[in-house]
Amino acid sequence: MQKSRRLTKTNLNVSCKEMALYLLGKVLVRKLDNGSILKGRIVETECYLGGEDKASHSYNGRQTPGNEPMYMPAGTTYVYFTYGMYFCFNISSVEPGAAVLLRALEPIQGLEIMKKFRTVKKKGPLKDTELCNGPSKLCIAMNVTKDNCNKIDLTESERLWIEDDGGRIEATQIVNCRRIGIASAGEEWAAKPLRFYVLSNAHVSKRDKKAENDLIS
DNA sequence: ACAGTGATTGGCT
DNA sequence: GCCAATCACTGTG
């Protein structure tokens with residue numbers, strides 16, 4: 001097992017699709033204020049291209065105070081608030097206005113702390129596969145909010161970064177399919193294959209069986 | 001397994 | 001005033 005290496009500006013200075021693929025298998029690391037370390041392997045990503053992409057917050061070149069990090073240098077974090085109670089975590093890519101949404105992690109370290117953050121009412125302790133299997137769930141589990149993790153340079157921050165621990169995902173194990181939760185953007189853009197996830201990984205938010213069958217056959 | 005629904009509020013038009 | 005890159009819960013099969 002090789003030593004983990006923190007990703008650099010050069011590693012992250014790539015296009016949106018390249019980044020979405022490159023990030024699969026890499027490890028998101030969160031250092032809490034009390035020094036605790038949380039780690040999760042990235043197993044699901046989505047591209048938001050800006051420009052023509054109707055599902056993107058930066059569609060048609062739109063710029064607002066809220067989506068400013070989408071136009072910042074590649075490797076800058078973009079955390080936004082949605083549905084009145086949740087956050088989603090993105091990383092800007094090299095094209096102005098484009099970013100990659102992290103949709104699911106496979107928890108590696110700090111699982112007990114994640115479980116405390118992710119405590120819900122009725123159910124008892126959550127299974128490991130339920131901790132980070134969704135874009136807002138992973139934010140809750142890793143204590144990522146707009147207040148503490150937005151507009152961060154992932155190559156310089158002391159509280160949030162990405163590591164390469166040698167884990168590799170074979171290209172034949174990557175499912176490429178439509179994105180989630182963007183029906184209102186219209187079928188044309190909702191149907192585009194801009195989501196990527198690791199085949200047969202139990203920590204993915206939602207599987208696309210048709211895309212999996214196409215990949216396997 | 002999968003479909004339907006209520007929760008809840010900041011940000012944008 | 002509208003509505004969202006979601007989640008947890010409930011009901012049905």
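Modeller: Let's start with a ground rule: two strands pair if DSSP finds at least two bridges between them. Keep in mind that this is a predicted model.

Biologist: Fine. What makes β2 and β3 a pair, then?

Modeller: β2 (residues 27-31) and β3 (residues 37-48) share five bridges in the antiparallel sense. The rule asks for at least two, so five bridges make them a pair. One of the contacts puts L28 across from G40 in β3.

Biologist: Why is β2 called mostly covered?

Modeller: Because buried means under 20% relative accessible area, and four of the five residues in β2 are buried.

Biologist: On to the rings. Why is the Y78 and Y80 pair called tilted?

Modeller: The whole structure has two aromatic pairs, and Y78 with Y80 is one of them, at 5.5 Å centre to centre with 40 degrees between the planes. Pairing needs centres within 6.5 Å, so 5.5 Å qualifies. Stacked would be under 30 degrees and edge-to-face over 60, so 40 degrees makes the pair tilted.

Biologist: Are those two tyrosines buried or exposed?

Modeller: Y78 has 4% relative accessibility and Y80 has 17%. The cut-off is under 20%, so Y78 and Y80 both count as buried.

Biologist: What makes you say that K26 sits over the ring of Y22?

Modeller: The charged end of K26 is 4.1 Å from the ring centre. The distance limit is within 6 Å, so 4.1 Å passes. R179 also passes on distance, because it lies over the face of Y48 at 4.7 Å from the ring centre.

Biologist: Now the salt bridges. How do you know that E163 and K39 form one?

Modeller: There are 16 salt bridges in the structure. For E163 and K39 the N to O distance is 3.4 Å, and the criterion is within 4 Å, so the pair counts. E163 lies in β7 and K39 in β3, so the bridge ties together parts that are 124 residues apart in sequence.

Biologist: Why are E163 and K39 called buried?

Modeller: E163 has a relative accessible area of 11% and K39 has 18%. Both values are under 20%, so both residues are buried.

Biologist: Why are D128 and K115 called partly exposed?

Modeller: D128 is at 33% relative accessibility and K115 at 23%. D128 is in the loop between α3 (111-117) and α4 (135-141) and K115 in helix α3, so the bridge ties together parts 13 residues apart in sequence.

Biologist: Which residues are joined into one network by salt bridges that share partners?

Modeller: E44, E46, R103 and R195.

Key:
Residues are numbered from 1 along each chain as its sequence is written. Chains are lettered from A and ligands numbered from 1 in the order in which they are written. This is a predicted model: local features need pLDDT of at least 70, side-chain atom pairs count only at pLDDT 80 or more; totals for chains, interfaces and linings use all residues. Side-chain values use heavy atoms; hydrogens and water are left out. Buried means under 20% relative accessible area, exposed over 50%, partly exposed in between (1.4 Å probe, protein chains only). Rings of Phe, Tyr and Trp (its six-membered ring) pair if their centres lie within 6.5 Å; planes under 30 degrees apart count as stacked, over 60 as edge-to-face and the rest as tilted. A charge sits over a ring if NZ of Lys or CZ of Arg is within 6 Å of the ring centre and within 35 degrees of the ring normal. A salt bridge is a side-chain nitrogen of Lys or Arg within 4 Å of a carboxyl oxygen of Asp or Glu.
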